[in-house]
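Here's a quick briefing to read with the model open beside you. Have a look at the fold first, then work through the points by topic.

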Amino acid sequence: MNKNILVVGTGTIGEPLIGLLAQHKEELGVDNVNFFKRTPLTDEQGKVEALIRKGANLVTTNDVIKDFKSMGFNVEDVEKSYKDSQVIIDCTPAGNKNWEEIYSKLSGEKRFMAQGSEHGFGPFFAWGINNDSLNQEQNKYLIASCNTHNIASIVKTFALDKSRDLNEGRFVCLRRANDVSQNDSFSPSPTITKHDNQEFGTHHARDVFELFQQEGEDLNLFSSAIKLPTQYMHTLWFNLSFEEKINLENISDDLENSEFLMSTEKLSSNKVFSFGRDHGYHGRLLSHGIIAKESLHVKDNNLTGYCFTPQDGNALLSSVAASVNYFYEDSWIDKMSIFNKYIFKNI
Ligand SMILES: NC(=O)c1ccc[n+]([C@@H]2O[C@H](COP(=O)([O-])OP(=O)(O)OC[C@H]3O[C@@H](n4cnc5c(N)ncnc54)[C@H](OP(=O)(O)O)[C@@H]3O)[C@@H](O)[C@H]2O)c1
């Protein structure tokens, strides 16, 4: 039987994910990468063509097949693709709704994924953070959001992997207003997110708490968020307070040895973003976070610092990893090494 993946949505997350899967499908042992573009927009014709050139196949709903055909595209019915694809990766802001209306009616043997905002879709998964959570009994996963990837990497690298007792982790997500590809939701001034979660402040700390709770951890985490008038990328301020005293030399070694955090001497997000535009995949950095190493500050048992968050890139490999794991339970980690060429240690 062919090994087929369907990506639903071609936005900020779907578009590069389709490219990543299609361009590496041979090395990953995947036969077909299909993508569902819902709306036949003439101003997005170039995007569809580029994804087809990368080796992906366009599918859509029956009612608009003729519109895509009139643009010159070969296109198939998404209903066929729902049936023929063993892995379905939802990259829309409607993953939970799509589960209710569509995916839950398909075979439960498939693996379904939704992204970031679709809390409750399934257990959290983040590549390299909780690899062991993938198993064939569970048929749906929530791919952790960009901030969850970043915060979880910091907690894992500096606390859990080193068995340091974490008293408390505090985080401020300084968020870009919207993605460079988007017109909506730009913010003309810093705009605060309400602390609407009594326990965790905002959902960012809650999500990381829940991810590690799946692993049996019970962490004391709190987050705040503020939207800034920039399109470049999120930046995260963090403070980890440990039971014991720590020293900067050990922390720097932990950063150097981390597989998923990179470091930089750059102090502005435009410089980091620009490196991603020039050297990343689809202009995106795929690491979980980029620590501004000169921001690292240790005092007694406290570590404070800043970390840039590649919000439109750091979740991509998690969707790929969870797909490859489904098809190749024994060799998926080896297959993922094809992406090492996109990972940098210092930028
Ligand atoms: N943006 C980020 O940096 C980022 C980072 C991590 C996670 N996420 C998460 O990723 C998900 C998608 O975000 P995004 O920023 O990529 O969104 P986006 O750029 O607004 O793109 C949304 C895409 O979803 C499609 N779509 C929407 N509703 C659909 C439906 N019911 N059926 C089929 N297609 C549908 C749209 O298709 P048409 O245009 O063809 O109608 C569009 O291609 C969200 O859960 C978000 O939280 C986003």
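This is a predicted model: local features need pLDDT of at least 70, side-chain atom pairs count only at pLDDT 80 or more; totals for chains, interfaces and linings use all residues.

Residues are numbered from 1 along each chain as its sequence is written, and side-chain values use heavy atoms, with hydrogens and water left out.

**The sheet**

- Eight strands make an open sheet in the order 4-3-2-1-5-6-8-7, with parallel pairing; strands (E, at least two residues) and helices (H or I, at least four) are DSSP runs, numbered from the N terminus, and two strands pair if DSSP finds at least two bridges between them.
- Strand 4 (76-77) and strand 7 (124-125) sit at the edges with a single partner strand each, so one side of each has no neighbour in the sheet.
- Strand 1 (residues 4-8) runs parallel to strand 2 (residues 32-36), and five bridges join them.
- Asn4 has Asn32 of strand 2 as its bridge partner.

**Helix 11**

- Helix 11 (residues 316-327) packs on the sheet, touching strand 1, strand 5 (87-90), strand 6 (111-115), strand 7 and strand 8 (140-143); contact means heavy atoms within 4.5 Å.
- The direction of helix 11 makes about 175° with that of strand 6, using axes fitted to C-alpha atoms, for helices over the stretch in contact, with angles from 0 to 180 degrees between N-to-C directions.
- Twelve of the twelve residues in helix 11 are buried, meaning under 20% relative accessible area with a 1.4 Å probe, protein chains only.

**Helix 8**

- Helix 8 (residues 203-213) is mostly covered, with eight of its eleven residues buried, including His204, Arg206 and Asp207.
- The cover over those buried residues includes strand 7, helix 7 (146-160), strand 9 (166-176) and strand 11 (221-228).

**Asp254**

- Asp254 belongs to helix 9 (residues 248-257) and is buried, at a relative accessible area of 7%.
- Beyond its neighbours within four places in sequence, Asp254 is in contact with Thr157, Phe158, Lys162 and Arg164.

**The ligand site**

- The ligand is surrounded by 22 residues, the closest being Thr10, Lys37, Thr39, Ser117 and Asp179; a residue counts if one of its heavy atoms lies within 4 Å.
- Thr10 places a backbone N or O atom 2.9 Å from a ligand oxygen atom, and a backbone N or O atom of Ile13 also lies 2.9 Å from an oxygen atom of the ligand.
- Asp179 has a polar side-chain atom 2.7 Å from a nitrogen atom of the ligand; a polar contact is a pair of N or O atoms within 3.5 Å.

Methods
Buried means under 20% relative accessible area, exposed over 50%, partly exposed in between (1.4 Å probe, protein chains only). A polar contact is a pair of N or O atoms within 3.5 Å; within protein, one must be able to donate a hydrogen and the other to accept it, and residues adjacent in sequence count only if both atoms are side-chain atoms.
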